[in-house]
Every structure is written in C-alpha cells, then in structure tokens.
Amino acid sequence: MIPAKQKDSSVQLNPPLNPQLPPEVAPLRARQVRRIDTFRALQHYNFRLYLFGQLISLAGTWMQIVAQGWLVYELSRSEAMLGIVGFASAIPALVVTPWAGVVIDQVRKRNLLLLTQAAAMSLALILAGLTFAGVVAVWHIVVLAVLLGVVNAFDGPARQAFVVEMVGARDLPNAIALNSMTFNAARVIGPAFGGVLLATVGSAWCFTFNGLSFLAVIVSLLAMRLHQAQLVHDRRSPWQQLKSGVQYAFAQSELRGLLLLAFFFSTFGISYNTVLPSFVDRILGAGAAGFGMITAASGVGAVAGALLVATFGDRGHRGEWLHYAAMSFPVILTLFAFNRSYPLALALAVLLGVGFMLQFTLINTLLQTRVSNEMRGRVMSLYTLTFFGFTPFGNLALGALSEVIGMSVSITLAALLTLISALVIFRRTPALRQMR
C-alpha cells in the first residue's frame with residue numbers, strides 16, 4: 001500500500017522545480033515536462049499503433065502524389081490537365097462524402113477503415129502495373145483518381161471520427177495535433193524519397209511502394225485492442241439522418257464559421273498545389289527533384305505547425321491562432337507566386353506549410369471538441385467535404401486560368417479570395433477569435 005503523500009508525488013504531472021538543482025538542470029526538467037505534455041496521446045497503445053501505420057502509409061501516399069503529378073505533366077505538358085486530374089480525384093467527394101458521414105455514425109469505424117485501406121492499396125497497384133507496362137495514359141489516371149476519390153470520401157471522415165475511440169475525449173486535441181504532425185512528417189519523407197525515385201527509377205516504383213505501404217495501416221488496425229462501443233442505431237431514413245447532421249452543424253454559429261473557413265481555404269488557398277509541378281519547372285527551373293524538395297519543405301513547415309499546436313494548443317488561444325494563420329497565409333502565398341529564387345521558394349514553402357497546418361489542425365480540433373459523439377461522423381464528413389469536395393473546383397479554375405493569364409497572377413487572385421473570405425467570416429462570427 002503506497003502512502004497517500006508518496007502516491008500523490010508519483011503521479012504529479014508538473015512537479016515544481018527543485019530549488020536546489022543547478023541552474024542548468026532546471027530548464028532541462030522543464031523541457032522534459034513539456035515534452036511529455038506534447039506527446040501525451042502516445043500513452044495510448046492503439047494510438048501508437050495507428051500513428052506508426054499512418055506514417056508509413058502516408059509517406060507512400062505522398063510519393064504517389066509527387067509521381068502522379070509529374071507523370072500527368074510529362075504526358076500532357078498542360079497545367080489545365082493537372083487541374084482536371086485534381087478535379088477528378090476530388091469531385092466524387094462532393095456527392096459521396098455527406099452520405100458517408102451517415103454510414104460512419106452507424107458502423108464500426110475500424111472495420112470501415114480496413115475496407116478503405118484495402119481498396120486504396122488495390123488502386124495504387126493497378127496504376128503501378130499500367131505504368132510498368134508502358135501503356136498508362138492520362139485517362140487511366142483520371143479514372144483511378146475518381147475511384148480513389150470515392151474511397152477517400154469514406155476514409156477521411158472515418159479516420160477523423162476514429163481518433164476519439166483510441167484516446168478518449170481528454171487527449172483528443174493532442175491526438176489530432178499529433179495525427180496532423182504524422183501526416184506531414186510523411187509529407188517530408190514521401191516527397192523527398194519520391195523525388196529521388198522519380199528521377200532515378202521512374203514513377204511506377206513510387207506507385208508500387210505506395211500500394212505496399214497500405215499494409216502497415218491494415219496490420220496496425222488488426223493489432224488494436226478496442227472496447228466495442230455501443231452503436232447508435234438510427235431508424236430514420238438516410239436522408240433524414242443527413243439533414244439532421246447538416247442542421248446540427250449550421251445551427252451553431254461557431255461550427256458554421258469553422259466549416260466556412262475550411263471551405264474557402266480548401267477551394268482557393270491550397271489550389272496552388274495543382275500547378276506546382278509546372279511552376280517549379282517553368283518558373284523556378286528546378287525539375288522533378290526540385291518539385292519533390294519544394295513539397296518536402298512545405299511538409300517541414302506543416303510538421304512544425306502541428307508541433308506548435310500539440311505543445312501550446314491547450315493554453316486557451318486556439319481562436320486567436322486560427323485568426324493569425326488565416327490572415328498571414330494569403331500574404332505568404334502571394335510572395336511565393338512572384339518569387340523567382342529557388343532557395344527563397346524553399347523558405348516560403350516552409351511558411352506555407354506552417355500556415356496550412358495551423359489552420360486545418362485548429363479547425364479540426366475546435367470542431368471535434370464541440371461536437372456530440374452521435375453526430376461526429378456527419379459533422380466530420382462535412383469538414384472532409386470542404387477539403388475533398390470543393391477543392392476540385394478551385395483546382396480546375398486555377399489550372400485553366402494559369403494557361404490564360406499566367407500562374408503567378410492566378411495564384412495571387414486565389415490568395416486574395418482566401419484573404420477576403422477569412423476577413424468576412426471572422427467579422428461576421430467574432431466568437432471564433434475567442435474560442436479556446
């Protein structure tokens with residue numbers, strides 16, 4: 001039996017610094033306490049498994065993104081075609097994602113994720129086979145992109161809603177930040193290796209490695225020890241369930257404001273990624289390896305942004321952080337659009353990554369900490385819809401516009417629309433800046 005006094009001291013999360021410690025030891029102790037807080041969601045066994053599988057799989061996904069963009073550009077030499085492929089990969093989400101949220105709220109999320117990962121693996125290996133055979137055409141890539149969009153319509157919101165089952169409500173904000181950090185750590189690793197493989201052995205091997213990487217997620221999901229939560233069986237029609245989810249989200253001004261921010265940022269703010277392969281080649285003159293490094297630099301910034309949220313995001317200023325990120329990102333994007341120096345482009349890409357990740361991690365966290373469990377799948381499907389469903393329209397418009405008035409001017413117009421929309425949303429919903 002541990003005495004009460006001794007027991008309390010053994011579990012104290014933030015013990016006072018020992019005044020007798022040497023001065024150089026005290027900051028070290030403080031850093032150790034902060035590091036534990038930063039990664040506290042990793043104490044959950046299931047979440048550790050999940051992040052390990054995600055890191056490997058997402059690294060493969062980013063390898064494929066780099067290789068696919070470059071392959072489309074090689075086959076077509078067209079910025080508009082890059083926009084069309086981006087449109088094809090995301091447009092199914094516009095139709096499927098809202099209904100996917102209804103399904104997610106009614107089924108075991110782990111079982112659904114096993115299905116989506118197996119489907120995504122099959123599509124990647126099909127693309128690899130076509131490329132190895134030398135018969136791949138742009139229309140093949142478009143068809144496979146459409147099918148992958150259907151898979152992602154279920155996979156994206158299911159993953160978001162699954163996090164709370166692994167860590168619980170208390171560690172949910174930290175887990176979201178760590179999940180985002182893992183996503184973008186893969187964004188650093190994947191493009192870096194993808195750029196090297198693309199320049200040495202070709203895009204087919206990038207697609208192959210991506211296909212095999214899904215095995216890591218499948219194995220981690222199967223190895224989890226989950227408590228079977230009681231499913232809520234809603235006997236209303238799917239349409240009524242979908243309608244109730246939309247009404248729930250838009251009846252609350254804060255949820256509505258967060259979803260609108262995500263919508264405009266997804267549609268205009270990140271559409272520049274569509275023409276990035278052409279921008280790096282024609283404007284910066286950096287080639288395939290340079291494209292991989294620009295993407296990796298953005299990933300480095302995104303990892304830093306997620307780490308900031310994981311470390312300091314629980315101190316009660318999430319709304320302020322979101323406001324500053326929304327205001328600064330369009331300015332940095334404009335500087336990036338008119339820059340012609342490759343080293344400076346790398347630095348600006350890092351800042352774009354920070355801004356991107358701060359916005360999406362904070363929006364995700366603020367949504368998930370305010371939504372009820374029985375509505376989580378439907379609300380997160382609406383959030384995923386802003387990212388996957390409306391992004392293709394921005395991609396298509398920017399790709400077509402770039403061929404008419406140039407990439408730099410087109411990217412600047414997108415940045416301006418992003419800034420104006422954020423200003424209007426924060427002005428009409430001032431409570432967003434006070435959100436904790």
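This is a predicted model: local features need pLDDT of at least 70, side-chain atom pairs count only at pLDDT 80 or more; totals for chains, interfaces and linings use all residues.
Residues are numbered from 1 along each chain as its sequence is written, and side-chain values use heavy atoms, with hydrogens and water left out.

F338, L401, V404, I405, V409, L413, L416, I420 and V424 make up its area of about 760 Å². Patch residues have over 30% relative accessible area and no salt bridge, and nonpolar side chains (Val, Leu, Ile, Met, Phe, Trp, Tyr) are joined within 5 Å; the areas come from the Shrake-Rupley method with a 1.4 Å probe. Helix α17 brings the largest share, 5 residues, and V424 is placed in this helix.

Next, follow the chain back to α13 (residues 318-338) and α14 (residues 342-368), whose axes come within 9 Å and cross at roughly 150 degrees. Axes are lines fitted to C-alpha atoms over the stretch in contact, with angles from 0 to 180 degrees between N-to-C directions. The two helices, α13 and α14, are therefore roughly antiparallel, a label for angles over 145 degrees. Their contact involves 19 nonpolar, 3 polar and 1 charged residues, with Ala, Val, Leu, Ile, Met, Phe, Trp, Tyr, Cys and Pro counted as nonpolar, Asp, Glu, Lys and Arg as charged, and the others, Gly among them, as polar.

Finally, look for the salt bridges, of which the structure holds 7; each puts a side-chain nitrogen of Lys or Arg within 4 Å of a carboxyl oxygen of Asp or Glu. One pairs D105 with R378, their closest N and O atoms 2.8 Å apart. D105 sits in the loop between α4 (79-104) and α5 (109-132) and R378 in helix α15 (residues 376-389), so this pair ties together parts 273 residues apart in sequence.

Definitions and conventions. Helices (H or I, at least four residues) and strands (E, at least two) are DSSP runs, numbered from the N terminus. Angles under 35 degrees count as roughly parallel, over 145 as roughly antiparallel, 65 to 115 as roughly perpendicular and the rest as oblique. Patches are made of residues with over 30% relative accessible area and no salt bridge: like charges are joined within 9 Å, nonpolar side chains (Val, Leu, Ile, Met, Phe, Trp, Tyr) within 5 Å.
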